[in-house]
Amino acid sequence: MLTKEKKTSIIGTHKRGAEDTGSAEVQVALLSERINQLSHHLGEFKKDHSSRAGLMKLVGQRKRLLAYVKKEDVQRYEQLIQKLGLRK
């Protein structure tokens, strides 16, 4: 789980405006952090299949959000994947 401080710092670095907490960029950044934490957990606990299923669900959700951002604004999409260190 993300701590409140970690979540606040992620929102602070990826928000689009002063009061933004739910834009697609923020959601993708939060999902990416949770995916990284779960991936690390599954490296240690290889037989934790319920967490693996949750990881797959998070990856699918992030994929859908990234597709939405790409459809709306390709430049925002490129900046986001570069900032998060995702693909390409």
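Let's start with charge pairs. The count comes to two salt bridges. Keep in mind that this is a predicted model.

E25 meets R16 through their side chains, with 4.0 Å from N to O. E25 also forms a salt bridge with R76, and there the closest N and O atoms are 2.4 Å apart. Where do E25 and R76 sit? E25 lies in helix 2, residues 24-44, and R76 lies in helix 4, residues 74-84. So this pair ties together parts that are 51 residues apart in sequence. Because the salt bridges share partners, R16, E25 and R76 join into one network.

Now look at accessibility in that network. Is E25 buried or exposed? E25 is buried, because its relative accessible area is 7%, and the cut-off for buried is under 20%. R16 is another matter. R16 has 56% relative accessibility, so R16 counts as exposed, the cut-off being over 50%.

Next, a glutamate without a partner. E33 is also found in helix 2. E33 is buried, yet has no salt bridge. Which side chain of opposite charge is nearest to E33? That is K6, at 4.2 Å. Leaving aside neighbours within four places in sequence, E33 is in contact with L2, K6 and I10.

On to helix packing. Helix 3 covers residues 49-72. The axes of helix 3 and helix 4 come within 5 Å and cross at roughly 135°. That makes helix 3 oblique to helix 4.

Which residues meet there? From helix 3, we have L66, V69, K70 and E72. From helix 4, we have V74, R76, Y77, L80 and I81. By type, this contact divides into six nonpolar, no polar and three charged residues. Note R76 in that list. R76 is the residue that pairs with E25.

Last, the whole chain. The protein chain has four helices and zero strands. From the N terminus on, the order is α-α-α-α. The C-alpha atoms fill a box of roughly 40 × 30 × 20 Å, taken along the principal axes. Of the 88 residues, 34% count as buried. And the contacts? Among those between residues at least 6 apart in sequence, 45% join residues at least 24 apart.

Note on methods. Residues numbered from 1 in each chain as written. Predicted model: local features only at pLDDT ≥ 70, side-chain atom pairs only at ≥ 80, totals over all residues. Heavy atoms only, no water. Buried < 20%, exposed > 50% of the residue type's maximum accessible area, 1.4 Å probe, protein only. Helix = DSSP H or I, 4+ residues; strand = E, 2+ residues; numbered from the N terminus. Axes fitted to C-alpha atoms, helices over the stretch in contact; angles between N-to-C directions. Parallel < 35°, antiparallel > 145°, perpendicular 65-115°, else oblique. Contact = heavy atoms within 4.5 Å. Nonpolar A, V, L, I, M, F, W, Y, C, P; charged D, E, K, R; others polar. Lys, Arg positive; Asp, Glu negative; His and termini not counted.
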